Amino acid sequence: MIEISLLPVDEQVKAKAEQKGLGFQIPKFIPKGFGIAIVALLAMYGLSHLKASSLSRALTSSKQTLSELKKESLQAQTLEARLGPPVGKAGSVEQPNGAGQATKDSGERLRKRAEVVRARLENRKVWSELLKEITLCCPEEIRLTEIKLGALRTGTTSGRGKELVISGYYVTGVNPEMIFMDRLRGSAKIAAHYQRFTPMTQPEVDKTDFGIHCSEQ
Amino acid sequence: MNGEHRATKYTKEQAEMLALLVLMGCAVVVLTFLYLVKPNFAAMAESKAELKKTEAEIAQLSKAPVQLAKAKKESDALTATIEKGEKAILAGIAVDPPLTQVCVEVANKLGLKPAFGVQGSEVLLEFKERAADGRQVTRHYGEVSRTLDVLSTDFLSLCRFLSGVEKANEGITVAHLEIGNKSLGEADREAGKVTAKVKLSMLGIREGERATPPEVKAIEEFDERNPFGPAKVKGAGRGVQDITKVLEGIRVTAIWSNKLIMTVPGGGNIEATKGETFVVGKMKMRYVSGAGDTFVFEIAGSGKRYRLVTNWRGQVKKVEEEETK
């Protein structure tokens, strides 16, 4: 037996819908689409949350590192200030009133103080020992006439400080001043302060005058 | 045909209802995104930006540990140098610095009479330091100087004077020195005398109680040849080679326990008793000892001793110089 509905189509659908919840059938792709969207949203949420947490942790760690670095930098600056300006730069030994001193200067000036101590104590020339060494190096044929600390001759050396000039003469012997100079150069005590030796010889009628210029570097 | 079939599937109300449902679903999805996911993305972006900024700052400060270590190392080294130096120098030199006192004391010990000249004083460095009670105090490194002229003295005595002064305190040093004999008379020059202009300086800390004068230690001996004295000119005096020549010409002819008889160069016999001086040519000699074929003679005045080894005929075959003990 064939059932034939004579009702209009709208009425037919309405009738079917009335039989179910909404009274009509929802297309299948809609719940599927929403399901996929919800899953995607949840996945995005989960992933983004994880990523955000990871970034947050990294940021906290970086901030901690930065804080430590800032602390160390501050300590370094404080220490640098204690050390004072580098020797030979702004801020000066010669200006006790502090005029023109570098910005980083706490006033303790360890560098300058150590420099003063080094220059005058550690690199101190003990002249009695140097004179003794000159005496020991002097060949017997030579007779000295002068030992003098003088201003450095310009144009001959690039050194600094003063120049030691040893003058004398000899009557006999073959270039004893060269032996003298070699001995001076070979002496550890002399070489600790003077590295450059220049001999100057002037023959006279009955003797030969000479001078040995000893300069630093 | 098919479209017609679909179009006829829903009533107008049903289609509207369906559209509303879809809209509501979309709204839920969008709201969920806005309230759940977007804040995370915002936080991520913010964190990323902040992280970038922090990393840039870290990169900027990355040298801080190295700088700190370097500064600490330098500070420790400098502090050690300063402490050692300040221990060596005198404090309180602003009031009556003892430099002249040291010079006078050493000069008196050596019988020198230097003429004292200009006295100078200079502030080398000003610096601040924490005192023991926490106050910040200003301190100064200073230097005092004194010039002196030695009119005529033996060069080796001058060396001894400088040695005595320099070794009294590490802070004392010779700032200028001129030694010469050109202004002296012939006799003084022959005696190895010199004149000297010396500038001595003393480093110290200006603050503190009056500086206690440093103790002048035993003054070093200088027994080297005076280089300002007469040179050993070959042929002008009796050199080592001449002495050897004379000694090699000796022939011992008779030996007793305390004396011997010998023939000397140029002819003549000499009787030499132990400990006594005799003259050979122009040379004064002393017979020191003798054992077997070996005899020791000393050149009077110089202190040099020579060991003479003779052969069976008493002729000297070997001359050796030995140091006087």
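# Briefing: hairpins, a sheet, a helix pair and a pocket

In the hairpin of β10(B) and β11(B), two residues lie between the strands, and B:Gly292 takes a positive phi near 65 degrees. This is a predicted model, in which local features need pLDDT of at least 70, side-chain atom pairs count only at pLDDT 80 or more, and totals for chains, interfaces and linings use all residues. Residues are numbered from 1 along each chain as its sequence is written, chains are lettered from A and ligands numbered from 1 in the order in which they are written, and side-chain values use heavy atoms, with hydrogens and water left out.

**Strands of chain B**

- Strand β10 (residues 283–291) of chain B is joined by six bridges to strand β11 (residues 294–299) of chain B, and the two run antiparallel; strands here are DSSP runs (E, at least two residues), numbered from the N terminus, and two of them pair if DSSP finds at least two bridges between them.
- Within this pairing, B:Gly290 stands opposite B:Phe295 in β11(B).
- β10(B) also pairs in the antiparallel sense with strand β9 (residues 277–280) of chain B, over four bridges, and there B:Val279 stands opposite B:Lys284.
- An open, antiparallel sheet is formed by three strands of chain B in the order β6-β7-β8, with β6 (251–255) and β8 (269–273) as the edge strands, each pairing on one side only.

- Helix α4 (residues 127–137) of chain A packs against helix α5 (residues 155–168) of chain B at an angle of about 150 degrees, with the axes 8 Å apart; helices are DSSP runs (H or I, at least four residues), and axes are lines fitted to C-alpha atoms over the stretch in contact, with angles from 0 to 180 degrees between N-to-C directions.
- α4(A) and α5(B) are therefore roughly antiparallel to each other, a description used for angles over 145 degrees.

**The largest pocket**

- About 850 Å³ of space lies in the largest pocket, where a pocket is an open set of points on a 1 Å grid, reached by a 1.4 Å probe, with protein on both sides within 12 Å along at least five of seven lines, and a volume is the space filled by probe spheres set on the points.
- The lining has 23 residues, and A:Ala119, A:Asn123, A:Lys125, A:Gly161 and A:Glu216 lie nearest the centre of the pocket; lining residues have an atom within 4 Å of a point.
- β4(B) gives the most to this lining, with four residues.

Key
Parallel < 35°, antiparallel > 145°, perpendicular 65-115°, else oblique.
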